[in-house]
Amino acid sequence: MSVQSNPNEGGPKRVELILPMRTVLLVAATLGVLAAFVAIGDTFLIVFIGIFLALVFEYPVRFLMRKTKMSRGVAAAVTVLGAFAGVTLIALLFLVPLVGSVRDFLQDLPAQVEQLRESDELSWLGDSGAAGNVQAGAENVSEAVPDAIAGVLGIAGDFFSLFLIAFTVIFICMFLLSDIANMKRALGSVLMPGEDERWLGVWERVTTSISRWAIGVVVIATIAGTTQGLTAWLLGSSYALGLGVIAGLLDMIPNLGATLAGFILVPALWAEEGLTAAIIMLAVVLVYQQVENNILTPKIQGKAVNLSGFFIIVAVTLFGALLGVLGALTAVPLAATIQIFVQELTKTRREKVAAAHAALEAAAKPG
């Protein structure tokens, strides 16, 4: 920025903003990329899913290569195709009853809410505005849920498009996994000696974090859904399967998911089986949260992502607004990736600051 003024005139100074051409081009390129993402939103989302899954499967692919001595291409194909075949088999065996149970629960929500309002413990809420809003919301949800399983799954007339999307995601994932070694060599060829080790090391940290996080989330969500669904079944709930699915899916949302599941499961048991069952379910939810936070997550995920609770909540909120449910589910590894890059970019600065503090402390010591 420069400031210029005419000495013969008493008028205001003229301020000129001078930006380097490189900065202008960088800003223009960034805006162009963002505009392209907006224009091809759905396609970008498919590519994003494929790349993210490739990072998730990188850890299992390396494990398979070590154990079987397979080539990377074969290990990638076996891992990815095997995982998708397993998911497809589970879907064929369990998806219809699972979705049916969730559908029945959502369609019966108005009756459940009405039963809660008429219960002795909550009868004082019966005519309040809040209770009316909850009742209206339950009715809207119930009306929005289709009667047919096909409608719930959203597959009527869309099978080909779903198949095409799944096919595209699988092959983006598989070919990226197969070609990672070549991509690393290409990146190393344009980096100066020393810099290649630095940035390839960052790649390893990102890959390990995302892969370990994703595997841990699936395992922990399965445990959460099984534990809470089994508890609901033992307490006599006819929606136990659906409640277990809801608990497992919500548990994938970091920090907030387990609490949200409790807000659904406890009232559902209260409405269906009474206050005693609701208290037991609440105790199970609270105890499980402590077990998950203090035992399961540290043991299964370790320090895959080292983020504070504040940044996790912010990441879930921002990425959820940007990418919807997918953004909320992938917020933690995306935020961890950003943190890793920021730590690497500020590493030299932090070392200098630490050295300066050490020097000051040494100078302050007597003698």
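Predicted model: local features only at pLDDT ≥ 70, side-chain atom pairs only at ≥ 80, totals over all residues.
## Overall architecture

The protein chain contains 15 helices and two strands. Of its 367 residues, 32% count as buried. The chain exposes about 22,300 Å², and carbon and sulfur atoms supply 70% of that area.

Among contacts between residues at least 6 apart in sequence, 68% join residues at least 24 apart.

## Nonpolar cores

The largest nonpolar core comprises 42 residues, and Trp 213, Leu 243, Leu 269 and Met 281 are those with the most contacts inside it. Seven elements are to be considered here: helix 2 (41-68), helix 8 (195-234), helix 9 (240-251), helix 10 (257-273), helix 11 (275-300), helix 12 (309-323) and helix 14 (331-345) each give two or more residues to this core. Helix 8 makes the greatest contribution, with eight residues.

Another core, of twelve residues, lies apart from the largest one; Phe 57, Ala 75, Ala 76 and Cys 173 are among its members.

Just after helix 10, Gly 274 adopts a positive phi of about 105 degrees.

Helix 11 includes Leu 296. With a relative accessible area of 17%, Leu 296 is buried, because the limit for that class is under 20%.

The structure holds four salt bridges. In one of them, Arg 72 pairs with Glu 58, and the closest N and O atoms are 2.9 Å apart. Arg 72 lies in helix 3 (residues 72-107) and Glu 58 in helix 2, so this pair ties together parts that are 14 residues apart in sequence. Both partners are buried: Arg 72 has a relative accessible area of 15%, and Glu 58 has one of 1%.

A salt bridge also joins Glu 204 to Arg 62, with the closest N and O atoms 2.6 Å apart. Because Glu 204 lies in helix 8 and Arg 62 in helix 2, the pair ties together parts that are 142 residues apart in sequence. Glu 204 counts as partly exposed, at 26% relative accessibility. Glu 58, Arg 62, Arg 72 and Glu 204 are linked in a network of salt bridges.

## The Glu 344 and Arg 205 pair

Glu 344 and Arg 205 meet through their side chains in a salt bridge, at 3.7 Å from N to O. Glu 344 belongs to helix 14 and Arg 205 to helix 8, so the contact ties together parts that are 139 residues apart in sequence. Glu 344 counts as buried at 7% relative accessibility, whereas Arg 205 counts as partly exposed at 34%.

Note on methods. Residues numbered from 1 in each chain as written. Heavy atoms only, no water. Core = buried A, V, L, I, M, F, W, Y, C linked by side-chain atoms within 4.5 Å. Buried < 20%, exposed > 50% of the residue type's maximum accessible area, 1.4 Å probe, protein only. Helix = DSSP H or I, 4+ residues; strand = E, 2+ residues; numbered from the N terminus. Contact = heavy atoms within 4.5 Å. Areas by Shrake-Rupley, 256 points an atom, 1.4 Å probe, with all protein chains shown as cover.
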